[in-house]
Amino acid sequence: MENKNHAPAAEHETQQAPNLVAQDLHIHTTYSSGDSAVLPQQTVAFVARFRHARILGISDHVEYLTGKTFTRYEREVRSHGLLVGTEVNGAEWTSEAAQLEFDYYIYHCRDRREDYLGAEELLSTDKPVILAHPMVLDTNLDKVPPRCLIEINNRYIWRDDWRARLSPYRDRFRFVIGSDAHQPHWLNQNIARRVAAELGVEETLLFPATVLSRV
Ligand SMILES: [Zn+2]
Ligand SMILES: [Zn+2]
């Protein structure tokens, strides 16, 4: 009892936050300017203020982050203390993405030889490479390098027979849970967390906490 009373206020508040999840690295913002699912209210500042995860990163599509935009994106995301990620749409974008200073990659790996090679190219940066929604992309997980992580994605996981498709790979890969939020009310992982629990896979946390308290 006494300990509880002496806990720092900020920490106490964080622990009490009902929707604070451990990690969310798959989040889009208005930087994904050509993605029609993104709402104008879904800014980096909004995600930073909402702070729904202890480990929090933004992962806009790399095709909208080239040139000077990358500098602006990196500066803005870091200014909020968040991790700087990106979502990479197949082998066509891996070289571009590997050259930019991202903390991690969310990767679209379709069932194509060049996309499996693209995964290797991203892994060569030594940054985490997370396979986004592999079932939607028909990724053949037997061909994916085991150093990649597999995402259980709140937006898509329920669309397929996840039990049959992912159970065989429980020991081959490490798993992460992501929202793939494009809109404020998508900033949650309720379905994905239930699936992970039912599959019996443990979530891998890739970074130290970025969110220590709510502001
Ligand atoms: Zn995607
Ligand atoms: Zn996405």
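A residue counts as buried if 20 or more other C-beta atoms lie within 10 Å of its own. By that count, strand S2 (residues 53–61) is mostly covered, with seven of its nine residues buried. The model is predicted. Its protein chain holds nine helices and seven strands. The seven strands form an open sheet with parallel pairing. Buried residues make up 40% of the 215 residues in the chain.

**Sheet layout**

- The strand order is S1-S2-S3-S4-S5-S6-S7.
- Strand S1 (21–24) and strand S7 (174–178) stand at the edges. Each has a single partner strand, so one side of each is left without a neighbour in the sheet.
- Neighbouring strands are turned by 30° against each other on average, direction ignored.
- Strands of a sheet pair through backbone hydrogen bonds, either parallel or antiparallel.
- In the protein chain, 70% of the contacts with a separation of 6 or more involve residues 24 or more positions apart.

**From S1 to S3**

- S1 and S2 run parallel and are joined by three bridges. Here Val21 stands opposite Ala53 in S2.
- S2 pairs with S3 in the parallel sense, over five bridges. Ile58 stands opposite Val84 in S3.
- Helix H4 (residues 68–79) belongs to a right-handed β-α-β unit with S2 and S3.

**Strand S4**

- Which residues of S4 point which way? Tyr104, Ile106 and His108 point one way, while Tyr105 and Tyr107 point the other way.
- Both sets are buried. S4 is mostly covered, with five of its five residues buried.
- On one side, S3 and S4 pair in the parallel sense over five bridges. Thr86 has Tyr105 as its bridge partner in S4.
- The chain crosses from S3 through H5 to S4, and this β-α-β crossover is right-handed.
- S4 and S5 also run parallel, joined by three bridges. In S5, the bridge partner of Tyr105 is Val129.
- S4, H6 and S5 make a right-handed β-α-β unit.

**Nonpolar core**

- In soluble globular proteins, nonpolar side chains tend to be buried together.
- The largest nonpolar core here has 49 residues. Tyr105, Tyr107, Ile130, Leu131 and Leu149 touch the most other members.
- Which strand gives the most to this core? S4 does, with four residues.
- Tyr107 touches Val88, Ala119, Leu122, Val129, Ile130, Leu131 and Ala132, not counting residues up to four places away in sequence.

**Helix H6 (113–123)**

- The buried residues of H6 are Asp115, Gly118, Ala119 and Leu122.
- Why do these residues line one face of the helix? Seen down the axis of H6, they fall within an arc of 105°, so they line one face.
- The face turned away from the buried side carries the exposed residues Arg113 and Leu117.
- The buried residues of H6 pack against strand S3 (83–89), helix H5 (94–99), strand S4 (104–108) and S5.
- Among these buried residues, Ala119 and Leu122 are also touched by Tyr107.

- Lys127 lies in the loop between helix H6 and S5.
- Leaving aside its neighbours within four places in sequence, Lys127 is in contact with Phe102, Asp103, Tyr104 and Tyr105.
- Two of these contacts, Tyr104 and Tyr105, point in opposite ways from S4.
- The C-alpha atom of Lys127 is separated by 9.9 Å from that of Leu206, 79 residues apart along the chain.

**S5 and S6**

- Strand S5 (residues 129–131) pairs with strand S6 (residues 149–153) in the parallel sense, over two bridges.
- Leu131 has Ile150 as its bridge partner in S6.
- Leu131 is also one of the residues that touch the most other members of the largest nonpolar core.

Notes:
Residues are numbered from 1 along each chain as its sequence is written. Chains are lettered from A and ligands numbered from 1 in the order in which they are written. This is a predicted model: local features need pLDDT of at least 70, side-chain atom pairs count only at pLDDT 80 or more; totals for chains, interfaces and linings use all residues. Two strands pair if DSSP finds at least two bridges between them. Axes are lines fitted to C-alpha atoms, for helices over the stretch in contact, and angles run from 0 to 180 degrees between N-to-C directions. Two residues are in contact if their C-beta atoms, placed from the backbone, lie within 7 Å. A residue is buried if 20 or more other C-beta atoms lie within 10 Å of its own, exposed if 12 or fewer, and partly exposed in between; C-beta atoms are placed from the backbone. The arc is that of the directions from the helix axis to the C-beta atoms. A nonpolar core is a set of buried Ala, Val, Leu, Ile, Met, Phe, Trp, Tyr and Cys residues joined through C-beta atoms within 7 Å. A crossover is right-handed if, with the strands pointing away from the viewer, the path from the first strand over the helix to the second runs clockwise.
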